[in-house]
Amino acid sequence: MNKVIIDGNSLTIEEFANVARNGYKVELSKEAIKNVEESRKIVDKFVEEEKVVYGITTGFGMFSDVVISKDETKKLQKNLIVSHSCGVGNPLDEEIVRGIMLLRANALAKGFSGIRLSTLNTLLEMLNRGVHPVIPEKGSLGASGDLAPLAHMVLVMLGEGEAYYKGERMEGKKAMELAEISTVQLTSKEGLALINGTQVMTSIGALAVYDSINLSKIADIASSLTIEALNGIVTAYDEKVHNVRPHNGQINTAKNLLRLLKGSNMTTTQGEIRVQDAYSLRCLPQIHGASKDAIEYVKKKVEIEINSATDNPLIFSEVGEVISGGNFHGQPMALSFDFLGIALAEIANSSERRIERMVNPALSGLPAFLVEEGGLNSGFMIVQYSAASLVSENKVLAHPASVDSIPSSANQEDHVSMGTIAARKARTILDNARKVLAMELLTACQAIDLRGNSGLGHGSNIAYDIVRENTCKVEDDIIMYKEINKCEELIKSNIILNRVEEKLGRLN
């Protein structure tokens with residue numbers, strides 16, 4: 001059944017991706033409903049007693065010392081949303097917006113935020129009926145959470161702002177009417193509960209992590225074809241080498257390569273042709289493995305974050321206490337997504353170096369730029385240029401966003417994470433890395449054809465056949481970007497990975 005039940009504690013990255021990308025419906029668990037209602041009782045009690053509590057009966061940020069009367073709490077919450085709707089830039093992709101809505105709902109479902117159940121249900125109705133707010137990609141400092149972009153999400157709940165509905169961009173009010181969803185009038189604490197969190201950076205980053213896991217496997221598959229194209233030495237992947245330096249990613253990559261290349265007639269052993277290969281081949285387990293370990297670290301951090309309460313203040317209904325803290329601060333995610341970007345950049349870096357080894361006749365022993373009538377034809381010369389451009393761009397993007405901070409709210413918020421920038425950068429690096437690996441797949445198949453395909457490995461042969469089902473050996477110059485795009489689509493669709501894993505079992 002295409003449904004995910006959320007309780008604030010058990011959402012998985014796989015469930016997240018199914019909601020964001022595959023339109024799975026979302027429901028609250030019975031326990032979540034109970035927790036939300038208990039939390040709300042505390043807010044109502046404090047408002048009735050006119051107790052001074054940040055964000056409930058006070059202003060925000062530097063205005064935390066300004067007390068708001070009971071009669072003004074509704075206006076306070078609406079003002080918060082409209083004043084904070086300062087996002088700029090292109091709208092975030094629909095899958096990211098759906099992820100944002102799911103993650104915010106899951107955080108609220110924990111029962112520490114004080115939102116009304118009816119307001120939370122409105123957000124879930126929007127998600128389930130396909131009302132996707134237009135959320136600009138820029139404008140968040142990553143603390144106090146993703147205030148500006150999340151405010152754009154809430155605007156549509158109020159019948160303001162803009163949304164996409166059934167593929168059409170329209171006024172938020174119209175989208176809600178067409179979907180037959182009632183708009184809400186926020187009351188005490190609700191505006192803050194909806195926008196004070198890390199869900200924008202986490203949605204962007206979680207999808208990037210999800211895709212990075214598969215891309216790291218594709219990197220092994222693409223490099224296995226390159227190893228064969230260059231008659232690479234498989235002795236370096238012997239498990240004895242890696243067991244004495246037992247990093248998980250390194251060990252797993254070496255195992256993957258040996259499984260992919262098993263049965264190949266195009267690989268060599270130590271001393272057969274040469275004593276050792278260049279680092280981009282010989283050190284593949286160490287390079288790819290380190291990136292895999294980084295991706296696994298980030299995945300674990302994301303799994304914590306998608307099941308966390310990240311707003312302020314937090315309401316602990318069991319003890320009747322409200323505590324103003326800093327769970328909205330995106331630093332755990334900012335550092336993680338910077339790390340993810342660096343890991344992905346290195347996957348692309350090593351791939352570009354392998355492309356260079358194939359197109360350079362001094363390194364490959366193959367025709368220059370992998371074309372038989374060189375001079376008349378340029379062959380794969382500019383494929384390497386394009387790959388070099390992408391990895392150079394990645395090096396700029398890999399500079400950590402988290403090392404920067406600009407004080408805000410008159411220095412009340414004097415350190416911010418820039419976590420949303422880190423997530424967006426990681427996603428761009430991911431896209432660039434995917435393109436470089438597509439170029440490596442295309443280049444390796446051409447090099448294999450020129451070398452003379454004497455029999456590929458059990459796994460690499462599957463990848464080769466799929467690429468050749470969609471592209472042809474280049475005899476005379478052709479429009480190359482079309483071929484690159486075909487290979488990128490094969491990666492994005494997971495066709496190559498799925499078929500390889502059907503044959504060999506799950507890669508690591």
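Before I start: axes here are lines fitted to C-alpha atoms, for helices over the stretch in contact. I also keep in mind that this is a predicted model.

**Entry 1, a helix pair.** I looked up how α4 (residues 94-109) sits against α9 (residues 199-229), and found their axes coming within 8 Å and crossing at roughly 125 degrees. Angles from 65 to 115 degrees would count as roughly perpendicular and those over 145 as roughly antiparallel, so α4 is oblique to α9. The crossing of α4 past α9 is right-handed.

Then I listed who touches whom. From α4 I noted Glu95, Ile96, Gly99, Ile100, Leu103, Arg104 and Ala107, and they meet Gln199, Val200, Thr202, Ser203, Ile204 and Leu207 of α9. By type, this contact has seven nonpolar, four polar and two charged residues.

Next I checked α18 (residues 460-470), where Ser460, Ile462, Ala463, Tyr464, Ile466, Val467 and Arg468 are buried. I see the buried residues of α18 packing against several helices, among them α9 again and α17 (419-451).

Two cis bonds went into my list. Alanine 143 and serine 144 share one, with omega about 5 degrees, and serine 144 is in the loop between β5 and α6. Asparagine 312 and proline 313 are also joined by a cis bond, with omega about -5 degrees.

For positive phi, I noted phenylalanine 369, near 55 degrees, and asparagine 494, about 65 degrees. Phenylalanine 369 is partly exposed at 28% relative accessible area, and asparagine 494 is partly exposed at 21%.

Note on methods. Residues numbered from 1 in each chain as written. Predicted model: local features only at pLDDT ≥ 70, side-chain atom pairs only at ≥ 80, totals over all residues. Heavy atoms only, no water. Axes fitted to C-alpha atoms, helices over the stretch in contact; angles between N-to-C directions. Helix = DSSP H or I, 4+ residues; strand = E, 2+ residues; numbered from the N terminus. Parallel < 35°, antiparallel > 145°, perpendicular 65-115°, else oblique. Left-handed = near helix turned anticlockwise from the far one by under 90°. Contact = heavy atoms within 4.5 Å. Nonpolar A, V, L, I, M, F, W, Y, C, P; charged D, E, K, R; others polar. Buried < 20%, exposed > 50% of the residue type's maximum accessible area, 1.4 Å probe, protein only.
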